[in-house]
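Please find below a short note on the model under review.

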Amino acid sequence: MAGFKDLNLDEDLAVGRSSRADTRFDTTVGHIEDIIMEERFQTLQHDFKEKYYHHFTDDEENKLIYTDIFKEYVGLVENYIQGELKNRISGFSMEDFSKTLENRHDQIGGDILDMLLSFTDFVAFKQMFLEYKSAKEGTGMDFSDLITIRSTTSLRDEHQGMQIDPDSPREGPSSNR
């Protein structure tokens with residue numbers, strides 16, 4: 001065992017150090033996550049979509065009114081989030097955060113990034129309205145009729161050990177009815 005003393009095993013341990021900028025960015029993103037999950041923000045966004053969804057259609061050509069709605073949405077949501085961030089973070093600057101965000105957009109979760117993009121990306125904004133309209137009017141894809149839930153006591157395929165849905169179109173209607 002004397003040989004281990006001679007090896008001089010110095011380990012370089014990576015010490016997690018965050019710069020002030022990293023910490024400020026992470027803190028700001030955390031607050032944004034909190035803000036957009038809060039009921040007040042959800043209500044603000046819902047009410048806005050409710051007010052304007054009927055204007056949107058899934059056509060390639062955009063209506064002129066979309067521009068006005070987009071500008072109003074950006075102003076409303078940006079002002080709300082900026083106000084909340086200023087209340088929560090001393091000396092917060094949306095301009096500074098926006099500049100930092102340009103270089104770090106890959107460090108933000110998908111939902112937050114989608115939300116932030118809806119403020120600057122018209123296509124994401126329009127898609128948000130089209131999805132809302134589809135859900136509101138029930139014209140979206142509904143996969144609920146493709147799922148069948150049966151108890152474990154239902155018929156079993158003895159060869160494969162799989163449950164068989166007696167009403168499955170592939171198996172025909174159940175003869176037990």
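This is a predicted model: local features need pLDDT of at least 70, side-chain atom pairs count only at pLDDT 80 or more; totals for chains, interfaces and linings use all residues.

1. The buried residues of H3 are Phe41, Gln45, Phe48, Lys49 and Tyr52. Viewed down the axis of H3, these buried residues fall within an arc of 95°, so they line one face of the helix. An α-helix has 3.6 residues a turn, so residues three or four places apart point the same way.

2. The face of H3 turned away from the buried side carries Glu39 and Arg40, both of which are exposed.

3. Helix H2 (residues 20-37) and helix H3 (residues 39-52) have axes that come within 5 Å and cross at roughly 60°. Where they meet, H2 contributes Ile35, Ile36 and Met37, and H3 contributes Glu39, Phe41 and Gln42. By class, the residues of this contact are four nonpolar, one polar and one charged.

4. The largest nonpolar core contains 33 residues, and those with the most contacts inside it are Phe56, Ile81, Phe97, Phe125 and Phe129. Two or more residues of this core come from each of H2, H3, helix H4 (65-88), helix H5 (94-104), helix H6 (110-120) and helix H7 (122-137). H4 supplies the largest share, nine residues. In soluble globular proteins, nonpolar side chains tend to be buried together.

Terms used: Residues are numbered from 1 along each chain as its sequence is written. Side-chain values use heavy atoms; hydrogens and water are left out. Axes are lines fitted to C-alpha atoms, for helices over the stretch in contact, and angles run from 0 to 180 degrees between N-to-C directions. Helices (H or I, at least four residues) and strands (E, at least two) are DSSP runs, numbered from the N terminus. Contact means heavy atoms within 4.5 Å. Ala, Val, Leu, Ile, Met, Phe, Trp, Tyr, Cys and Pro count as nonpolar, Asp, Glu, Lys and Arg as charged, and the others, Gly among them, as polar. A nonpolar core is a set of buried Ala, Val, Leu, Ile, Met, Phe, Trp, Tyr and Cys residues joined through side-chain atoms within 4.5 Å. Buried means under 20% relative accessible area, exposed over 50%, partly exposed in between (1.4 Å probe, protein chains only). The arc is that of the directions from the helix axis to the C-beta atoms.
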